[in-house]
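Welcome! Take a look at the view below, and then read on topic by topic.

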Amino acid sequence: MENILAFIQENIDMIYFIILSIFVGVEVIGHVPTVLHTPLMSGANAIHGVVIVGAIYVMLNLASDDYVSLALGFLAVLLGTLNVVGGFVVTDRMLEMFKKKK
Amino acid sequence: MNLSLLEICYLIASVTFVIGLKMMGNPKTARKGNLIGAAGMTTAILGTILLHEGEVPGIIYGLIALAILIGTIAGWVTARKVAMTKMPELVSLFNGMGGACAALISLIEYPHLSHDTAALIPVLAGLIIGSVSFSGSMIAFLKLNGTMNKAIRIPSYNIINTILMIITLGLGAMMVINGDLNTTAFMYLLLALSLLYGVLFVVPIGGADMPVVISLLNSFTGLAAAFGGFLYGNKAMLTGGILVGSAGTLLTVIMCKAMNRPLSNVIFGAFGGGSAGVGASAEGGTVKDIQVADLAVLMNYSKKVIIVPGYGLAVAQAQHVIHEIELILESRGVEVKYAIHPVAGRMPGHMNVLLAESSVDYGKLAEMEEVNPEFASTDVVLVVGANDVVNPAAKTDPSSPIFGMPILEVENATHIIVNKRSMSAGYAGIDNQLFYNPKTSMLFGDAKSVLTALANELKSL
């Protein structure tokens with residue numbers, strides 16, 4: 001219990017940050033026309049690919065003889081890149097079709 | 001110096017994520033918004049690599065570069081090549097990759113950080129959520145792909161799933177509280193349990209509900225990314241992850257609302273269950289069918305035609321033909337519109353994307369609320385490959401599982417034409433009284449071949 005209270009105490013700025021971000025997320029999405037739900041989901045999907053930053057960070061701090069971790073890290077960066085690149089490209093492809101033809 | 005530059009990179013990335021998502025909410029700015037998000041992401045990734053302080057062996061840089069190269073090529077090619085109808089499963093696949101990435105980070109970090117309680121919480125949370133998101137997304141992918149097309153329900157799966165969830169979360173909590181359990185072996189047990197939970201979570205859910213599940217898993221991955229950000233105090237990961245987490249949850253709720261079902265109903269499944277179809281299918285009546293030539297004449301001399309597209313249209317790849325029909329009718333002075341139900345297709349907005357692909361002007365795509373009052377003044381409604389979204393039982397039959405779901409009120413039109421391959425029930429597995437309506441004529445056959453024939457008939461008139 002004390003551990004948990006100490007955890008909250010130490011990270012109170014982060015906790016504020018998280019709660020406020022949640023509200024930003026809700027506000028940003030509100031009132032989106034149905035037409036855009038699929039592209040939006042896809043775009044959001046690309047954005048959580050930011051987890052790759054963590055994977056790169058982990059790799060940069062590994063020892064060069066820690067082969068197991070390096071292999072896992074390699075896989076993590078690879079999958080993260082797939083998420084980011086695939087996500088943005090698919091979204092772009094969907095949105096490309098919404099060009100106004102007049 | 002470098003570190004403060006890196007913080008600025010993350011700040012830029014965070015701001016672009018918010019602005020990008022906001023711009024994606026409007027058709028005019030959506031594409032630019034996506035590119036802005038991508039630019040921010042690139043900034044964050046390059047900054048992380050180039051502005052890193054401390055000695056890093058060259059081999060590691062090489063490995064990172066190689067992984068990014070392979071991932072970029074594979075991701076780019078897949079995303080470019082895949083057919084538009086396959087979009088939902090692709091989103092699910094990429095979502096799973098993100099979840100796996102988060103879980104792998106936790107696997108690597110655990111041995112380094114297991115002594116530190118403050119770090120242990122985000123590490124284990126990232127592991128659990130990332131793994132659930134990964135295995136769940138893979139199942140969703142297989143289901144949408146058609147590889148796994150039946151909802152598999154083991155007896156009392158709800159209880160089993162709930163128990164499994166409690167055990168998984170309990171083990172995670174115990175590892176934080178009790179030092180004796182805090183070992184690598186237990187970490188792998190936690191990984192296995194989480195992966196299993198992801199599978200069991202999605203397996204019983206029917207294909208029609210997959211969009212909701214993908215949206216939910218999407219927000220899970222966001223949450224996993226946010227825990228990674230918490231672990232490293234990385235603001236870009238935090239904002240990106242939380243934005244997606246909350247936006248994804250909201251999107252999930254919006255989708256459920258469109259089907260008028262609470263989220264718990266989707267997850268714990270009252271749909272397609274034993275009692276569902278029985279009540280409605282006992283009734284019945286006679287079904288009329290119509291020939292293509294007669295339909296062509298009927299449409300040609302109408303004032304207003306509304307097309308209701310469903311997933312059947314997408315499966316048959318008939319979106320281009322339907323656009324052709326629309327153009328022919330317009331050239332004859334017929335007013336043509338598309339009525340888009342919020343959950344038409346396999347994802348909200350999926351139908352819009354498909355129709356946009358065949359260059360239908362999005363001004364012609366009418367949403368449910370705006371189009372419903374127009375059916376009364378419509379001569380012909382052409383329902384192509386849609387079923388549950390036009391089922392009047394949603395309004396009239398309280399025992400129907402879709403009772404209360406808002407529908408397109410096509411029965412108010414003068415003539416209702418329903419194109420279906422056969423009389424089989426829709427995704428919800430329930431009969432549709434609309435087909436027995438005296439105003440309804442059935443146009444049996446594959447959407448693409450029937451519509452091509454219709455287009456040819458129209459041209460010859």
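The score called pLDDT is the predictor's confidence in each residue, on a scale from 0 to 100. It matters here, as this is a predicted model. Chain B averages a pLDDT of 85, and 92% of its residues score at least 70. For the complex, the predictor gives an ipTM of 0.90 and a pTM of 0.78.

**Where to read with care**

- In chain B, pLDDT stays under 50 over residues 270–283, for which the model has 25 contacts beyond four places in sequence.
- Where pLDDT is low, the predicted coordinates should not be read in detail.

**Chain B as a whole**

- Chain B has 18 helices and six strands.
- Its C-alpha atoms fill a box of roughly 75 × 50 × 30 Å along the principal axes.
- Of the 461 residues in chain B, 52% are buried.
- If you take the contacts in chain B between residues at least 6 apart in sequence, 78% of them join residues at least 24 apart.

**Domains**

- Chain A is divided into domain 1 (1–31) and domain 2 (32–102), and the centres of these domains of chain A are 24 Å apart, taken over C-alpha atoms.
- Chain B is assigned domain 1 (1–81), domain 2 (86–271) and domain 3 (282–460).
- In chain B, 24 Å separate the centres of domain 1 and domain 2, again taken over C-alpha atoms.
- Nine residues of domain 1 of chain B are in contact with eight residues of domain 2 of chain B. Helix 1 (residues 2–23) of chain B gives the most to the domain 1 side of this meeting, with seven residues.

**Strand 1 of chain B and its surroundings**

- Strand 1 (residues 304–309) of chain B is largely enclosed by the rest of the structure, because five of its six residues are buried.
- Strand 1 of chain B pairs in the parallel sense with strand 2 (residues 335–340) of chain B over four bridges; Ile307(B) has Tyr338(B) as its bridge partner in strand 2.
- Strand 1 of chain B also pairs in the parallel sense with strand 4 (residues 380–384) of chain B, over five bridges. Here, Val384(B) is the bridge partner of Pro309(B).
- Helix 12 (residues 292–300) of chain B has Leu295(B), Ala296(B) and Met299(B) as its buried residues. They cover an arc of only 105° around the axis, so they sit on the same side of helix 12 of chain B.
- The buried residues of helix 12 of chain B pack against several elements of chain B, including strand 1, strand 4 and helix 18 (447–460).

**The nonpolar core**

- In soluble globular proteins, nonpolar side chains tend to be buried together.
- The largest nonpolar core in this model has 179 residues, and those with the most contacts inside it are Cys101(B), Val308(B), Val381(B) and Val383(B).

**A closer look at Asn95(B)**

- Asn95(B) lies in helix 4 (residues 87–113) of chain B.
- Asn95(B) counts as buried because 37 other C-beta atoms lie within 10 Å, where 20 or more are needed.
- Beyond its neighbours within four places in sequence, Asn95(B) is in contact with residues including Asn45(A), Ser133(B) and Ile214(B).
- Ser137(B) is 42 residues from Asn95(B) in sequence, yet their C-alpha atoms are 6.7 Å apart in space.

Note on methods. Residues are numbered from 1 along each chain as its sequence is written. Chains are lettered from A and ligands numbered from 1 in the order in which they are written. This is a predicted model: local features need pLDDT of at least 70, side-chain atom pairs count only at pLDDT 80 or more; totals for chains, interfaces and linings use all residues. A residue is buried if 20 or more other C-beta atoms lie within 10 Å of its own, exposed if 12 or fewer, and partly exposed in between; C-beta atoms are placed from the backbone. Helices (H or I, at least four residues) and strands (E, at least two) are DSSP runs, numbered from the N terminus. Two strands pair if DSSP finds at least two bridges between them. Domain bounds come from an automatic or database domain assignment. The arc is that of the directions from the helix axis to the C-beta atoms. Two residues are in contact if their C-beta atoms, placed from the backbone, lie within 7 Å. A nonpolar core is a set of buried Ala, Val, Leu, Ile, Met, Phe, Trp, Tyr and Cys residues joined through C-beta atoms within 7 Å.
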